[in-house]
Amino acid sequence: MTEDKKGLFGELPVQDVPVGDGGKPRYVEAERSTIVFERFEFDGLIGIDHAARVVWAYVERLDLSALYGAIRARAHTPGRPPPDPRVVLALWLYACIEGVGSARQLERLTEEHNGFRWLRGGVPLNYHLLSDFRWQAAEVMDRLLTQGVAVLWSEGLVDLASLSQDGVRIRASAGASSFRRLETLKHLLDEVRVRIVQLKQEIDSDPEASTRRQRAARERVLREREERIARALEALQELEAGQAATAKPPPPEAPPPGSGEGKAAKGKARKKEPRWSTTDSQARVMRMPDGGWRPAYNVQLTADHETGVIVGVDIDTTGSDGGLMAPAVEQVQQRYKYRPNRWLADGGFTSLKDIIALTRKGITVFCPLKPRRNPAYDPATPRPGDPPEIAAWRRRMVDDAEA
């Protein structure tokens, strides 16, 4: 064998390489506790046809001069600037589309959901600010509702000829234990006022600034409680005055003693003393859909019958829907300068006084008849003393197939 064929180490025997352990596999693990500064573009979070862009395009064309005029931070004055009202309004509108009504949930979505993140655009905000805006801008939101429905109506997308009304109970931010009677409210109000005077004297005589600040905070809490109790006391006195004005006179003669009628009449005539909440003076205890009784509000919604667009919203503090059709019609007339042709409501709204008032305005009322005790009696038969409007309503609800 020549030198070229043998190679440099051709004369050495071939040795087998031992197979050994290659070690554990290497890979990159996820480190979720690590803080990472991510670079991204807000405009790249959502597509060009995303619903959030439609909401922003609509908000950009709105006149929000009233909201901008309420901003106290100015060009040459100190103070931290608030978020852009247009951004906060767009967030709430998009939240309504997505079925979100909680300010806390909306704050979380502005950090997690790309549509809300795009609308927020890095503007600093929290759930307190979102919640306050919803109530402070109530007048602006009401005006936007009216303008939006008016635009839909002018374009022929909404027909206000037939409107329907319904009510929904919304739980109030007041506990059942916060309701107090008149004498209890007066006693609490006197106690709070005495405590406020004592705290003021302690603040003036205390040399320690930190203690003064703490007592000043307690004084503020007591002062706010005094205002709530005063409002509840005022509302309760108004209720009692109204009840006294409409109360029926007592019967001329009492039933003889020892008879069973006396106990029954006494229990029937006895009325519970009204109570008012010290935390929410406008809330009333109402019967809820589940059959329970809790502090709530009776929210009235008026909608276009064909499209379901909400055209009117009102909040009532009574536990019954009866007598609320006429105020809803007046609200629609004030908003849109228009009177509908037909009005639809369920049996809870059936009020002869409202039916007469709406009929005399040229509105055809459709609401169920109240069931009669005698099933053999024709409900379409007018009762003695029925005015023509009520007689026509009875016949319409029985004979008219559409009704």
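1. Strand β4 (residues 284–287) pairs with β5 in the antiparallel sense, through four bridges. Strands here are DSSP runs of E with at least two residues, helices are runs of H or I with at least four residues, and both are numbered from the N terminus. Two strands count as paired if DSSP finds at least two bridges between them. Arginine 284 has alanine 296 of β5 as its bridge partner. The hairpin of β4 and β5 has five residues between the strands, and glycine 291 in this hairpin has a positive phi near 95°.

2. A word on the basis. This is a predicted model, in which local features need pLDDT of at least 70 and side-chain atom pairs count only at pLDDT 80 or more, while totals for chains, interfaces and linings use all residues. Residues are numbered from 1 along each chain as its sequence is written, and side-chain values use heavy atoms, with hydrogens and water left out.

3. Strand β5 spans residues 293–304 and is mostly covered: nine of its twelve residues are buried. Buried means under 20% relative accessible area, exposed means over 50%, and partly exposed lies in between (1.4 Å probe, protein chains only). β5 also pairs with β1, antiparallel, over nine bridges. Valine 299 is partnered by isoleucine 315 in β6. The hairpin of β5 and β6 has five residues between the strands, and its glycine 308 takes a positive phi near 80°.

4. A nonpolar surface patch is made of Val168, Ile170, Leu301, Ile310 and Val313, with about 330 Å² of accessible area together. β1 and β6 (310–316) are the elements that give two or more residues to the patch. Patch residues have over 30% relative accessible area and no salt bridge; nonpolar side chains (Val, Leu, Ile, Met, Phe, Trp, Tyr) are joined within 5 Å, like charges within 9 Å. A salt bridge is a side-chain nitrogen of Lys or Arg within 4 Å of a carboxyl oxygen of Asp or Glu. Areas come from the Shrake-Rupley method with a 1.4 Å probe, and for residues only the protein chains shown count as cover. Valine 313 is found in β6. Valine 313 is partly exposed, at 33% relative accessible area.

5. Next, β7. Strand β1 (residues 162–171) runs parallel to β7, with four bridges between them. Serine 162 is paired with arginine 342 in β7. On the other pairing, β7 and β8 (residues 364–366) are parallel over three bridges. Leucine 344 stands opposite phenylalanine 366 in β8.

6. Lysine 337 sits in the loop between α12 (325–336) and β7. Its phi is near 55°, a positive value in a residue other than glycine. Most residues other than glycine have a negative phi. Lysine 337 is exposed, with a relative accessible area of 71%.

7. The largest nonpolar core has 31 residues, and Leu91, Trp92, Leu119 and Leu130 have the most contacts inside it. α4 gives the largest share of this core, eight residues. Such a core is a set of buried Ala, Val, Leu, Ile, Met, Phe, Trp, Tyr and Cys residues joined through side-chain atoms within 4.5 Å.
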